[in-house]
Amino acid sequence: PGNCLCDAFGVCIMRFLANENFPLPSVRLLREAGHDVVSISEETPGITDSQVLSRAVSEQRIILTFDRDYGVMIYRLKLPHSPVVFLRYDPLSPEEPAHHILRLLRIPELVLLNRFTVADRVNIRQRPLP
C-alpha cells in the first residue's frame, strides 16, 4: 500500500514521529500494533516544531500531532516537509488517538504519504503537500 514500508514478510509498517502532544499510551498502542513510532516526549522533549518537522523529513516519518502549526510551516513558510496527520479534537482518553490512527489505516483509499491530513472524529480532509 501507499502508506507504508513492507518488511521481509510483507507486513506493512508505518513510520511515525509522535509530536510531544501525542499521548504516550497511544504511542505504545501503535508500537504494539507493529508500527515504528518515535516519540518526541520520550527522546527530545522541548524541541521546537520546526525541529520536529526537520527530524520527520530526515527520518522519512509521518508526523502525528494535535498542533495546527505544521500547516503554517509547510504551506505558508514553505519549510521542507513531511506528511502530517493533524488530529483536530481533544482526546477523551490517552488511548483514543492511537485507536483513531489505526482506524484511518484501515481505510483502503486513504493515503497518508505526501499529504497533510486533518481528521476530527467524523471528517477527514487531505491536502497534497507542495
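The model is predicted. In total, the secondary structure comes to five helices and eight strands.

**Overall dimensions and surface**

- The C-alpha trace of the chain spans about 40 × 30 × 30 Å along its principal axes.
- Of the 130 residues, 42% count as buried.
- The chain has an accessible surface of about 7,000 Å², and 54% of that surface belongs to carbon and sulfur atoms.
- Taking the contacts between residues at least 6 apart in sequence, 49% join residues at least 24 apart.

**The sheet**

- Six strands form an open sheet in the order S4-S3-S5-S6-S7-S8, and their pairing is mixed.
- Strand S4 (36-39) and strand S8 (124-128) stand at the edges; each has a single partner strand, so one side of each is left without a neighbour in the sheet.
- From one strand to the next, the twist averages 20°.
- Strand S3, made of residues 15-18, pairs with S5 in the parallel sense over three bridges.
- In S5, Leu64 is the residue that stands opposite Ala18.

**Helices across the sheet**

- Helix H1 (residues 24-32) lies across S3, S4 and S5, and runs at about 160° to S4.
- Helix H3 also lies across S3, S4 and S5. The angle of H3 to S3 is about 165°.

**Arg61**

- Arg61 sits in the loop between helix H3 (49-59) and strand S5 (62-65).
- With a relative accessible area of 6%, Arg61 is buried, because buried means under 20%.
- The side chain of Arg61 is joined to the side chain of Glu59 by a polar contact of 2.8 Å.
- Not counting residues up to four places away in sequence, Arg61 touches Arg15, Phe16, Leu17, Asp36, Val37, Val38, Ala56, Ser82 and Pro83.

How values were computed. Residues are numbered from 1 along each chain as its sequence is written. This is a predicted model: local features need pLDDT of at least 70, side-chain atom pairs count only at pLDDT 80 or more; totals for chains, interfaces and linings use all residues. Side-chain values use heavy atoms; hydrogens and water are left out. Helices (H or I, at least four residues) and strands (E, at least two) are DSSP runs, numbered from the N terminus. Buried means under 20% relative accessible area, exposed over 50%, partly exposed in between (1.4 Å probe, protein chains only). A polar contact is a pair of N or O atoms within 3.5 Å; within protein, one must be able to donate a hydrogen and the other to accept it, and residues adjacent in sequence count only if both atoms are side-chain atoms. Contact means heavy atoms within 4.5 Å. Two strands pair if DSSP finds at least two bridges between them. Axes are lines fitted to C-alpha atoms, for helices over the stretch in contact, and angles run from 0 to 180 degrees between N-to-C directions. Accessible areas come from the Shrake-Rupley method with a 1.4 Å probe; for residues, only the protein chains shown count as cover.
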